[in-house]
Amino acid sequence: MSSADSQSLAVAEAAAPVPLARPRGARISARIGAVPWWFVLPALAFYVFVVLWPSIEGAGFAFTNWDGLSATKDFVGFAQFQRLLTDPAGVGAVVHTLLIALSITIVQNLVGLLLALGVHTKIKSRNVLRVALFTPAVITPVATGYLWKYLMTPDGAINQILGFFGLTALQHDWLGDANIALWSIVATVVWQFAGYSMVIFLAGLQGVPEDVLEASRLDGAGPFRRFWYVVRPELAPAITINLMLSIIGGLKLFDQVWVMTSGGPGTSTDTMSTLIYKNAFQFGDFSYGIAMALVLAVFVAILSSAQYKLLGRQGGSK
Amino acid sequence: MNRYTWRTFVLEAVMVLVGVVFFLPVYVLINLALKKPDDQSSPLAPVTSITLQNFSDAWGQANLGQALLTSAFVTVFSVAIIVAISALAAYPLARVTKRWSRWLFFVFMIGLLLPFQLALIPLYTTIRDLGLLGNPVSLVLYYAGLQVPFSVFLYTGFIRAVPLDYEEAASIDGAGPMRSFFSVIFPLVRPITGTVVILNVLHVWNDFLTPLLYLSGSSQQTVPVALFSFVSQYVSQWNLVFAGLVITIAPILIAYFAMQKTIIKGFASGLKG
């Protein structure tokens with residue numbers, strides 16, 4: 001094991017939600033001298049200016065009727081949120097966003113895990129495959145969006161391939177059919193980022209002890225039991241990180257949707273991000289857009305802390 | 001499991017097939033960019049007479065040279081600032097065990113949960129009032145702040161895992177905390193700096209929504225936005241569009257293939273949890 005590997009294992013432990021209170025606190029400064037507190041100031045300044053303060057401000061604007069330009073704004077309480085509830089496009093966007101986040105999280109990680117398990121074997125092509133499968137993840141999402149938009153046109157490559165195998169029944173207008181356009185976008189995102197999940201799982205697989213695997217095989221454990229009892233506990237931190245990244249990425253999805261369908265046909269693929277953009281920058285409805293963003297913030301917070309709680313325990317018991 | 005059995009061979013065949021399917025879209029992209037616009041063959045059929053005309057047309061019409069320069073400027077400066085301020089901030093957060101340090105770390109971590117959409121509009125008005133709309137500097141400012149929480153998270157975890165011995169030795173030799181940070185800690189955490197650089201370069205280079213907002217209407221565009229307006233103009237000329245896509249993803253792809261070992265390793269080492 002190289003030093004980089006052992007250090008990254010150390011990170012895995014250091015990053016776990018562990019012991020903040022360490023009794024050796026006093027000893028640290030005795031050994032290395034006081035670390036200047038003002039080292040945090042530059043980062044804190046950028047962070048407060050760009051993230052923290054505007055977010056607080058944004059949360060406040062959600063309770064007004066500000067249009068983003070005029071000098072006047074009135075406090076309107078929860079009116080914008082009530083509007084969201086009665087606006088079919090708004091409710092639709094919330095539903096689409098949750099569907100997208102959920103399906104991307106499940107499918108992308110499942111595919112990523114299977115790819116990782118397939119690549120983490122004795123096969124000769126494993127290095128080439130690792131590079132090939134990760135390639136889509138480095139491509140600009142705007143570019144992959146256009147690429148798949150083309151592949152998914154009615155006479156595009158996907159329908160041609162289906163036709164070649166005689167599967168004409170499966171041919172669709174992938175992005176023009178309101179019933180499946182959302183899933184076509186999900187497929188594009190999964191294609192792009194499955195390799196991303198794979199690489200994180202692969203790093204976790206490095207920690208699986210070969211001798212324990214071998215011993216459990218000799219004891220007669222089948223592949224599923226070996227995976228569940230030997231591999232999965234080692235993967236817990238990778239699973240946590242992967243789920244967190246894909247949930248957050250799914251809830252924020254904008255680029256691919258905007259490029260492939262702009263929320264259409266109709267409003268069938270509008271997500272909270274595209275609707276926020278439309279309301280705030282095309283319809284001049286700033287506060288309504290921000291009210292949506294606040295709802296989205298609550299979703300992100302609930303979902304990510306829920307999964308953190310759920311899996312944190314597993315990671316801790318490792 | 002140590003020998004190459006027929007089972008391994010079946011697995012190999014399946015995985016290669018999966019790999020081909022995954023790579024097929026990238027093949028179509030490059031294949032189509034090399035075809036003449038009047039070539040009616042299937043997008044899957046290999047190009048027979050290669051043309052580079054699409055590339056020179058796309059380059060000129062989408063103003064890609066300028067876009068690549070703007071993207072490079074924004075990426076280099078944002079990532080340099082992110083690395084500098086995050087590593088610096090992580091040092092006391094990792095080494096000071098007083099209450100303020102724990103609280104501050106927590107405050108930074110809130111940033112991981114806040115969706116950027118919430119801050120999007122208020123920050124937009126601030127940037128507008130500062131007169132920075134249309135100026136790429138606004139993007140550098142934005143990314144430097146936006147990417148701090150994640151980078152601080154990675155650096156803090158990594159520095160916590162570095163044994164105190166090195167700094168202790170340095171302090172016995174008379175080095176102050178500043179000196180310790182720059183000559184001991186920062187070189188030691190180089191692997192995580194790699195991860196931070198890779199993740200942030202990818203994020204900044206590929207981001208679409210922010211430059212769409214902040215640079216809209218100006219002559220300076222980043223690559224994704226230039227692509228977007230280019231494609232909106234030439235939407236049915238896919239050969240031209242794909243040549244544009246190839247040009248813009250080429251720098252990233254070349255860098256990726258040249259350094260794939262480092263990138264995949266660096267990417268995974270900081271992220272696996």
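Start by selecting B:Val162. Leaving out residues up to four places away in sequence, B:Val162 touches B:Ile185, B:Leu188 and B:Val189. Touching, or contact, means that the C-beta atoms of two residues, placed from the backbone, lie within 7 Å.

Before moving on, a word on the model. This is a predicted model, in which local features need pLDDT of at least 70, side-chain atom pairs count only at pLDDT 80 or more, and totals for chains, interfaces and linings use all residues. Residues are numbered from 1 along each chain as its sequence is written, while chains are lettered from A and ligands numbered from 1 in the order in which they are written.

**Stop 1: around B:Val162**

Stay on B:Val162. It sits in the loop between α7 (148-160) and α8 (165-172) of chain B. Helices here are DSSP runs of H or I with at least four residues, strands are runs of E with at least two, and both are numbered from the N terminus. Now show the C-alpha atoms of B:Val162 and B:Val189. They are 8.2 Å apart, although 27 residues separate the two along the chain. Buried takes 20 or more other C-beta atoms within 10 Å of the residue's own, exposed takes 12 or fewer, and partly exposed is in between; the C-beta atoms are placed from the backbone.

**Stop 2: α3 against α7 in chain B**

Select α3(B) and α7(B). Their axes are 8 Å apart, and the packing angle is about 50 degrees. That angle makes α3(B) oblique to α7(B). Axes are lines fitted to C-alpha atoms, for helices over the stretch in contact, and angles run from 0 to 180 degrees between N-to-C directions. Under 35 degrees counts as roughly parallel, over 145 as roughly antiparallel, 65 to 115 as roughly perpendicular, and the rest as oblique.

The crossing of α3(B) and α7(B) is right-handed. A right-handed crossing has the near helix turned clockwise from the far one by less than a right angle; anticlockwise makes it left-handed. Show side chains next. On α3(B), the contact residues include B:Ile82, B:Ile85 and B:Tyr91. On α7(B), they include B:Val148, B:Tyr155 and B:Arg160. By class, the contact of α3(B) with α7(B) has 12 nonpolar, 3 polar and 1 charged. Ala, Val, Leu, Ile, Met, Phe, Trp, Tyr, Cys and Pro count as nonpolar, Asp, Glu, Lys and Arg as charged, and the others, Gly among them, as polar.

**Stop 3: B:Asn63**

Go to B:Asn63, in the loop between α2 (53-61) and α3 (64-95) of chain B. B:Asn63 is not a glycine, yet its phi is positive, about 55 degrees. Most residues other than glycine have a negative phi. B:Asn63 is partly exposed, with 16 other C-beta atoms within 10 Å.

**Stop 4**

Zoom out to chain B. How many helices and strands does chain B have? There are 14 helices and 0 strands. The C-alpha trace spans about 75 × 65 × 35 Å along its principal axes. Of the 273 residues of chain B, 51% count as buried.

**Stop 5: where the chains meet**

Show both chains. 91 residues of chain B contact 94 residues of chain A. Helix α1 (residues 6-33) of chain B gives the largest share of chain B's side, 12 residues. That side of chain B divides into 64 nonpolar, 19 polar and 8 charged residues.

Next, select helix α7 (residues 141-151) of chain A and helix α13 (residues 238-258) of chain B. They pack at an angle of about 150 degrees, with axes 10 Å apart. α7(A) and α13(B) are therefore roughly antiparallel. Their crossing is left-handed. From α7(A), A:Ala143, A:Tyr146, A:Leu147 and A:Tyr150 meet residues of α13(B), including B:Trp238 and B:Leu245. The contact of α7(A) with α13(B) has 8 nonpolar, 1 polar and no charged residues.

**Stop 6**

Select A:Ser262, in the loop between α12 (255-260) and α13 of chain A. A:Ser262 is not a glycine but has a positive phi of about 50 degrees. With 13 C-beta neighbours inside 10 Å, A:Ser262 is partly exposed.

Then select helix α13 (residues 272-282) of chain A. 8 of its 11 residues are buried, so the helix is largely enclosed by the rest of the structure. Among the buried residues of α13(A) are A:Met272, A:Leu275 and A:Tyr277.
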